[in-house]
Amino acid sequence: MHQGPDEKTVLQDVLEPGEPPVLAPGHDFGTVSDKISAIVLRRPLGLGWTGAAFIGFVFVNLLLMAVTWLFLRGVGIWGINVPVAWGFAIINFVWWVGIGHAGTLISAILLLLKQTWRNSINRFAEAMTLFAVACAGMFPLFHVGRPWLAYWLFPYPNSMGVWPQFRSPLVWDVFAVSTYATVSAIFWFVGLIPDIATLRDSAKNPYARTIYGLLAMGWRGSARHWKRYQSVYLLLAGLATPLVLSVHTVVSFDFAVAQLPGWHTTIFPPYFVAGAIYSGFAMVLVLAIPIRHYYGVSDMITSRHLENAAKIMLATGLIVAYGYFMEIFMAFYGTNIYERAIVWTRWRGPYAPGYWALIACNILIPQVLWIPKVRKSPFWQFVISMDILIGMWLERFIIVVTSLHRDFLPSSWGMYTPTRWDWATYLGTLGFFLFAFVLFIRVLPMITIFEIKALLPESEPHAVEVKA
Amino acid sequence: MAQIFHRSTNSIARISILAAIILVSGLLWAALELQRSPYVTYAGVAHMQPVPFSHQHHVGGLGLDCRYCHTSVEISGYAGIPPTKTCMNCHSQIWTNAPLLEPVRESFRSGKSLVWSRANDLPDYVYFDHSIHINKGVGCNTCHGPVDRMPLMYNQASLQMEWCLDCHRAPEKYLRPRDQVFNMRYEQPTSERPVELPAANGQGAVKFTEQSALGNELKTRYHLRSVKDITSCSTCHR
């Protein structure tokens, strides 16, 4: 009998004629396992991987040097000053946390929405979340003047008889980011267990078999395992979804709770979350496009994924644009002279080039994604994603610095110029992210094997019937 | 294919879960205990001094009043360590040849201060005032312990902030009549040994058989400020 296309593919052809599939044809269970596990188990290191790991390692060392000097000399080595006491550390913190959010969006929200195209990108998107949160988590620690006392932010029964101030969004940050990191790590690890079991079973090296065997925790893939697994995974997705929205909301409260013109805005929570997903998807594309090319997995991360990501960027980019417009609108709709002054300062003040670059990067340039030809081209997707990453960094710079450097009292107006140590710390976290990411690609399956298998025609119960 | 793990891994895996829980909670508990222990606070650890001065002998034995040496305790934030001259008031006449006292005589001859080792040493970001505590009815031994029975000085309390706050949040647990502040053998009232206060109208006396009643009365009489006031940061961290 002719092995016809399964229901899903037929449906897809009806609904989206001519769209590329989420998994290119020609795969079966064996080839999927082989292809993904071979990247970890059999592929030689390669020049590309070694080069990326080396660059990452160099910048990790730069980070270590910058932090050592910071701890020795204090935060005064940065460009921060009294009006602008928050600089690169907070800008980068918000930027990194934002980047992490796309990973959880892909793995949790798209799971709840039953978007099967998430299956091939969720694993490395979650890894991206973890490493981005690790980079983000460093900054709140580094930017305090006495980092060795940062544990005072945790509520524990101490000999001082004091507790943290639970009304400060910076304390909420501690809980938000640490919960987010924990839940993301658990979610990621739970998702890895069946795949690690696959690696355990296909590894030839006895050490690799033992290590993967320990990590797989005796996964046998029985029906009971899978049933409970699916419930846990769905529950974790349901937990992670409100978490991802609340974490960046809490981060936005760092600003919105203050009375500063330019910060005290009720639109911040949703608009920060939209910006987080915007920059997060940009980072997903920046990682996915070279990876699928280098590892030859374009049949699993297809142009469909890239285009969907580009569409989400376009959608969240418009929300961000709405946020910018509303901030300006409210400044002139309201009667507060300070609110207006901040808008004028952003337009024409000393940081105006940054502001206009932000408008160009975040609002104007990404509009080319409306054009199908641009939206479908990996080259342009990559360029636009880089542009959005820069733009979203500028957004945090403009929000943090311009609101601080000109506020209520003209006598406390100042300027903020980052020093080489600001840059070294930022570049260092970029290197840390890169290094962690290439290590991850090397030791763990970057595409979820068992979820890709679920996309195969053989996984459809009806398809089996047709074959029989 | 051979099994990767031996059968014994089953037991190891089970034990490791329990062990991890016990280990982590044990380490946390140990860390919290350690920061309150004499290893960190030196509570109960006698200090080595240039001269082994015995409070037990001078207070418990000879019956000196605390204020004979610690003169400024009622009027100053700092209770003061007596100068060499205070020692020499007596020791120019008695034990004049004791080798033990040679550093004191040497200090008297040369004018160079004796370098005592401070047992109750608060960090400098804490402003502690002795006189206010004395005048509000906090006895010496409430904080310093049975000094009249200490051959060598040690700090009785941890001096940690939770210890200070324990009293500032409920001072009535510790207050005593002002005339009993320097009584090292004062004991809190019981039904067998009531503590008397002169009546408010000056006629007769009021008896207290319970510390809580006495403490609350003294709080009113000595005009203690509210708990909110005396536990605010600016009380000590000025």
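Colleague: Which residues in H10(A) meet which residues in H14(A)?
Modeller: In this predicted model, A:Leu306, A:Glu307, A:Ala310, A:Met313, A:Val320 and A:Tyr324 are the residues that H10(A) brings to the contact, and on the H14(A) side they meet A:Pro378, A:Gln381, A:Ser385, A:Ile388 and A:Glu395. Sorted by class, the contact of H10(A) with H14(A) has seven nonpolar, two polar and two charged residues.

Colleague: And at what angle do the axes of those two cross?
Modeller: Helix H10 of chain A, residues 303-333, and helix H14 of chain A, residues 378-405, have axes that cross at roughly 30° and come within 11 Å. Angles under 35 degrees count as roughly parallel, and H10(A) and H14(A) are therefore roughly parallel to each other.

Colleague: In which hand does H10(A) pass H14(A), left or right?
Modeller: The crossing in which H10(A) passes H14(A) is left-handed.

Colleague: Stepping back, what does the secondary structure of chain A come to?
Modeller: Chain A has 17 helices and zero strands. Its radius of gyration is 24 Å, close to the 23 Å that the globule rule gives for 468 residues, so chain A is as compact as a globular protein of that length. Along the principal axes, the C-alpha atoms of chain A fill a box of roughly 85 × 55 × 45 Å.

Colleague: Now chain B: is it compact or spread out?
Modeller: Chain B is more spread out than a compact globule, because its radius of gyration is 25 Å, well over the 18 Å that the globule rule gives for 238 residues. The box filled by its C-alpha atoms, again taken along the principal axes, is roughly 95 × 55 × 40 Å.

Colleague: What pattern does chain B follow along the sequence?
Modeller: Chain B comes to 11 helices and two strands, and read along the sequence the pattern is α-α-α-α-α-α-α-α-α-β-β-α-α.

Colleague: Which domains does the assignment give for chain B?
Modeller: The domain assignment gives domain 1 (11-38) and domain 2 (42-81 + 116-236), and the C-alpha centres of these two domains of chain B lie 38 Å apart.

Colleague: One last pair, H5(B) and H6(B): how do they pack?
Modeller: Helix H5 of chain B (residues 84-91) packs with helix H6 of chain B (residues 102-110) at an angle of about 115°, and their axes are 10 Å apart. H5(B) passes H6(B) in a left-handed crossing.

Colleague: Which residues meet there?
Modeller: From H5(B), B:Thr84, B:Lys85, B:Cys87 and B:Met88 meet B:Val104, B:Arg105, B:Ser107 and B:Phe108 in H6(B). The residues of that contact divide into four nonpolar, two polar and two charged.

How values were computed. Residues are numbered from 1 along each chain as its sequence is written. Chains are lettered from A and ligands numbered from 1 in the order in which they are written. This is a predicted model: local features need pLDDT of at least 70, side-chain atom pairs count only at pLDDT 80 or more; totals for chains, interfaces and linings use all residues. Side-chain values use heavy atoms; hydrogens and water are left out. Axes are lines fitted to C-alpha atoms, for helices over the stretch in contact, and angles run from 0 to 180 degrees between N-to-C directions. Helices (H or I, at least four residues) and strands (E, at least two) are DSSP runs, numbered from the N terminus. Angles under 35 degrees count as roughly parallel, over 145 as roughly antiparallel, 65 to 115 as roughly perpendicular and the rest as oblique. A crossing is left-handed if the near helix is turned anticlockwise from the far one by less than a right angle, and right-handed if clockwise. Contact means heavy atoms within 4.5 Å. Ala, Val, Leu, Ile, Met, Phe, Trp, Tyr, Cys and Pro count as nonpolar, Asp, Glu, Lys and Arg as charged, and the others, Gly among them, as polar. Domain bounds come from an automatic or database domain assignment. The radius of gyration is taken over C-alpha atoms; the globule rule is 2.2 Å times the number of residues to the power 0.38.
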